[in-house]
Amino acid sequence: MKRILATYIKEWHLIRRDLGGLALLFLMPILLIVIMTLVQDGPFKDYKDHMFEALFVDEDGGRVANSMKEGLLETKQFKLIETINNEVLTLSKAQSQIRSGNYKLAIIIPKGVSAEVVNNANLVANEIARKMGMGASLPHREGRDSIQIHLMFDPVTKPDFRMAIMNAVDKFNTKIQSDIVLDRVSNIAKSETADTSSVDIAKLLHSVGIIESMPGNKKQLLSKMNSVQHNVPAWAIFGMFFMVIVICDNLISERTGGSWTRLKLIPGSFAHILMGKVFFYIVLGIAQFYVMILIGMYLMPLLKLPALVVGNNPFALFAMIFSISACASTFGILVGTLFSTTHQALPVGAISVVILSAVGGVWVPIDVLPDSLKTISIISPMRYALAGVNNILLRDGGWMSIFQPLLILLSGSMLTMFLAWMIEQRRSK
Amino acid sequence: MIQVKNLFKQFKNAEHPSVNDLSFSFEAGKIVGLLGPNGAGKTTTISILCGLIKDYSGEVSVLGLPIQSNAESLKMKLGIVPQQIALYPGLSCIENLKYFGSLYNIPASTLHEKIRSLLQQFGLHEHANKLIKDFSGGMKRRANIIASLLNNPGLLILDEPTAGVDVHSRNMILGFLKSYNEAGNSIIYTSHILEEAESLCDEVLIIDNGKKVVQGHPAKLVAEYQTENLEGLFLKLTGYKLRDTL
């Protein structure tokens with residue numbers, strides 16, 4: 001124990017004077033977390049969290065345009081612009097604004113839309129009345145090719161943005177048309193049956209709705225995946241694995257500098273010295289992760305981002321962080337043992353961490369990776385690290401939810417340590 | 001004290017063996033110079049003697065104990081001063097000494113006193129809290145020796161302890177070695193400074209190409225081979241050809 005503790009203290013003295021190493025371990029992940037969270041904040045937001053500025057060209061001036069306008073404004077997601085420089089927008093002016101990139105979207109309600117919708121509603125109501133044996137007939141003319149509401153997009157907009165807007169506008173259009181049809185049918189029914197009771201057909205049709213929920217502990221409102229919730233743990237884990245650089249440098253300097261030789265000349269198990277070293281880096285990794293958690297909880301809100309939600313299982317989270325740190329530390333020991341010089345080890349260590357992080361879901365969630373990368377990701381410890389942390393932070397999971405990632409990471413740690421020991425044994429022959 | 005019989009060691013991918021059927025023995029209480037040109041096998045022999053290299057053939061016993069079956073107990077009785085400065089440059093001198101001392105499981109108070117005394121003896125007490133990387137070459141060499149004395153070794157093995165040091169440090173180191181030997185301890189050391197070896201050693205062993213060339217008291221060997229000094233003897237026996245090793 002004394003030898004383990006002595007090695008732990010020695011590592012502490014070395015790292016506290018290594019400002020470059022400390023910056024790499026703490027400053028780099030903080031910068032990555034802040035920058036990547038800000039960069040990815042937009043793409044991570046649901047479209048319903050956005051406010052869209054849309055040009056609104058009303059060539060119709062009727063009921064449809066008005067209802068559409070009211071509906072869109074009620075959602076508080078749309079700011080409708082009908083005039084520019086005190087001039088009412090026209091189709092050509094809207095086209096010009098979109099073409100010049102000033103606006104991303106224009107909604108054009110062509111002339112005659114309201115009349116066409118009312119006429120079609122009358123036709124539908126008459127048809128229903130006829131089939132029900134009622135004699136009522138609302139005024140109408142023959143149907144004609146439908147007039148279309150025109151959505152004009154800036155070519156740079158993304159397909160999912162266009163789809164979201166189309167769905168929103170289509171939803172209002174359908175609602176307006178169905179409201180008019182139901183209104184007509186209701187009026188015919190009332191006049192034919194002399195029924196004066198008030199029945200809100202539209203309301204009845206919406207009696208079965210949709211509610212969104214997520215499983216979890218009622219004590220805490222579970223956070224939905226957002227940029228902070230993804231990036232803080234992801235880049236904290238990346239930072240922990242970047243410890244490989246510091247460990248490699250430390251190990252190779254020891255070996256090339258001769259202190260490794262002196263350590264081997266001292267009686268007693270060399271395993272104690274390795275344990276002291278690994279123990280120190282595990283504690284350092286844990287400290288690193290908790291600093292990043294604090295950044296997520298307290299710095300992110302200052303940057304107008306949501307605060308990190310840490311779940312309800314601090315002990316399970318600690319166990320998970322311990323296993324990640326153990327895996328990162330032993331990976332560093334393996335790389336540092338495998339290579340003879342820092343010129344070989346540092347680039348390999350850094351690149352391997354970047355690759356493992358990319359396929360492990362650090363850069364973007366693993367679900368959006370192509371199938372080939374999803375398959376490759378099983379070799380990345382960061383995949384299990386992130387899965388375990390997300391099980392606690394996002395799914396409010398307990399010990400059982402982290403059992404598998406914990407087991408994989410700890411087994412991986414033991415395997416890499418064993419490999420490092422084998423390599424070192426071979427080298428000393 | 002040391003007995004080596006038919007020692008053989010060839011490293012993987014090496015063209016020639018580093019040590020080839022080497023046999024020699026030394027008695028306790030002497031200062032022995034292990035001499036030879038570059039690549040002669042000095043460092044390999046020392047590494048085998050102190051248990052760093054385990055994969056070899058032949059019989060080696062140190063302080064009367066076969067090293068292969070007594071490696072751990074022998075480590076406690078040996079002090080090895082490697083050719084390199086085997087200290088952490090990023091730690092202060094005292095942090096280095098405390099660390100290596102604690103690995104020997106020496107009680108803290110005893111260790112503290114031992115370090116204080118050695119720092120004083122080697123003239124480093126005023127620089128104990130300075131980082132090793134800020135030390136001069138001579139100071140580093142002295143600190144390197146101190147770190148090998150913390151366990152009070154009965155046999156001190158030094159690999160070129162005076163290489164590249166200033167005159168004062170060299171004088172101090174050689175003075176210490178003499179007094180350490182006079183206290184009843186044995187010393188084996190390698191050096192390319194033959195004048196130094198001639199004046200310091202009770203016995204020298206010259207090896208070349210991994211084999212023993214000659215062994216004996218330096219003055220007697222010089223007389224026997226009718227050379228001017230140990231350097232003349234060395235050149236006569238090992239030749240004048242340059243020995244560049246990569």
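Predicted model: local features only at pLDDT ≥ 70, side-chain atom pairs only at ≥ 80, totals over all residues.

Residues are numbered from 1 along each chain as its sequence is written, chains are lettered from A in the order in which they are written, and side-chain values use heavy atoms, leaving out hydrogens and water.

Start with chain B and color its open sheet of 6 strands, ordered β6-β7-β8-β3-β9-β10 with mixed pairing (strands are DSSP E runs of at least two residues, helices H or I runs of at least four, both numbered from the N terminus; strands pair if DSSP finds at least two bridges between them). Look at β6 (78–81) and β10 (211–216) of chain B: these are the edges, each with a single partner strand, so one side of each has no neighbour in the sheet.

Next, select β7 (residues 155–159) and β8 (residues 186–190) of chain B, which run parallel over 5 bridges. B:Ile157 sits opposite B:Ile188 in β8(B).

Then bring in chain A: 34 residues of chain B are in contact with 26 residues of chain A. Zoom in on A:Arg17 and B:Glu95, whose side chains form a salt bridge at 2.8 Å, N to O (a Lys or Arg side-chain nitrogen within 4 Å of an Asp or Glu carboxyl oxygen). Finish on α3(B), which gives 5 residues, the largest share of the side of chain B that touches chain A.

Conventions
Contact = heavy atoms within 4.5 Å.
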